[in-house]
Amino acid sequence: MRGTTYLLALLISVFAGSNSIAAESSLRIPKAEGVSKVKNPEKSDDSRPAYVYGQIRMEGMQYFTAVPDAPQLSNSQLLSARLSVLKEASWIDSAFDVTGGTYFARGQNHMILHEAYVASKGDEFKVFAGRKKKDWSDIDHRWNLGLWQPYLTLDALRPEEEGLTGIFFDYNKKNYQVLLMVTPMFIPSMGPDVREEGGGLVADNRWYRAPSRDYDFNSRINQISYKLDIPEQAKLVNNGGASVMTRIGDKSKGTWIVASAGYLPVNDLLLKRQAFKQTSADKVDVTVSPAVTYHKIASVDVGYSFKAVKTTISALADEPEAKLPEEEWSMQSLKPLQAYSAAVDFALNDIITRPIAVQISYLKVVGGSIVDITSVGEPDDFTLYDSRLKFSNSLMLQLEGQIATWFRRPLVTRIKYRYDYDQRGSLLNTEFQYFPTQKWAVVLGGDVLGVQDEGHMPSSFLNQFRANDRFYGGMTYVF
């Protein structure tokens, strides 16, 4: 699991999002379950309506275990809003989807442009320009791998998938599709806002994993003092790429195949570092700087859909380019990985009267480690982070839908359970929503992480964050 993405990534995303156009295959607008979408026509020059959707969320969260060095992170209050707009004109269509929020604390305000694009008219062939989500790979989307499309991971248990930014040429028929994407720019995945403080790299976020400050130099433990060196935005943004996707068959029924391939920047920034030993003290000054590398990525999904049942078998492989740092620098070297998944999605409508959807899936990842290397390509004796992904050998069970009614109003639940055999640990996510009215929802939920052996794989995701059990509650307004 890549640890964090630096403040620069956040700046790049906001800058690029506000100065470019972005989006998705069909704009996926977040809404509370059980609440219908409300269309709000607005007057425009060509007398065509703009369809506006939104969501406002107010939430309080409490962690069960306090962080000794940061007791203020034991609880939080979140106010967020999401606005999505679809606009059709006589000669062009446009859409955008943006989220803004605050935790009422330093460095914990955010504004993210998930999608924003313009599209040409046409029933079968369309050209999109901007930031757009597409269904490149089922395994990447289902397991939030972030290999095809970048993610916002301010909260590791609530990853937000973002679109790629570029020009999309989409020929789409019911039983056949060809999509080509080319881009001159790169917007990376984003994590917590990281800063220097007291010689360490810190963030006001419980899901940030700080690198070790202990360094073994000539059999003596030295303390590391970190410093951030942020390069010019252009060096990170001006990295283009291209990808192609082909679909054969109708994904709503029968057999279908989706194959995708691309040459793109890796969504997680590399970290490179330069160390200077102070001979007068047991201290090492380390300068850390983000960098970009490319990878070749390919994926295949084969599925069969029948009535309320859908089965999918997926495979994905990526091959990062080997990149050497400058002299006296060390850099993360990403190892290739192969990921495989099998999934069954089905609805219980024929068994029970309530609309409940069930998903059962399994993930197996081979490779995907990280090794820090020197300027001559040899492994360094210190590694910042050792794994690219959170899960590598996992079973997931998910249930979502209306489980009951109370005073004739729906009670909706989302329950997701994951067990990782390599980490010997599990993750349980639960959320309940009650709708006293069509637009308002009362939300109550919690997340529980745990491992069977705390001494097994101490740097793994579940072991590292096993103290982050939490519960939350609030209200959501949908319009």
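Visitor: Are both Phe 461 and Phe 465 buried or exposed?

Guide: This is a predicted model, in which local features need pLDDT of at least 70, side-chain atom pairs count only at pLDDT 80 or more, and totals for chains, interfaces and linings use all residues. Residues are numbered from 1 along each chain as its sequence is written, and side-chain values use heavy atoms, with hydrogens and water left out. Relative accessible area (1.4 Å probe, protein chains only) defines buried as under 20%, exposed as over 50% and partly exposed as in between. Both Phe 461 and Phe 465 are buried.

Visitor: How many aromatic pairs does a search of the whole structure find?

Guide: Rings of Phe, Tyr and Trp (its six-membered ring) pair if their centres lie within 6.5 Å; planes under 30 degrees apart count as stacked, over 60 as edge-to-face and the rest as tilted. For the whole structure, the number of aromatic pairs is 13.

Visitor: Which class of pair do the rings of Phe 391 and Phe 461 form?

Guide: The ring centres of Phe 391 and Phe 461 are 5.9 Å apart. Their planes stand at 65 degrees, so the pair is edge-to-face.

Visitor: And which class do Phe 461 and Phe 465 form?

Guide: Phe 461, at 3% relative accessibility, counts as buried. Between Phe 461 and Phe 465 the ring centres are 5.4 Å apart and the planes lie at 55 degrees, so this pair is tilted.

Visitor: Over which ring does the charged end of Lys 132 sit?

Guide: A charge sits over a ring if NZ of Lys or CZ of Arg is within 6 Å of the ring centre and within 35 degrees of the ring normal. The charged end of Lys 132 lies 4.0 Å from the centre of the ring of Phe 128.
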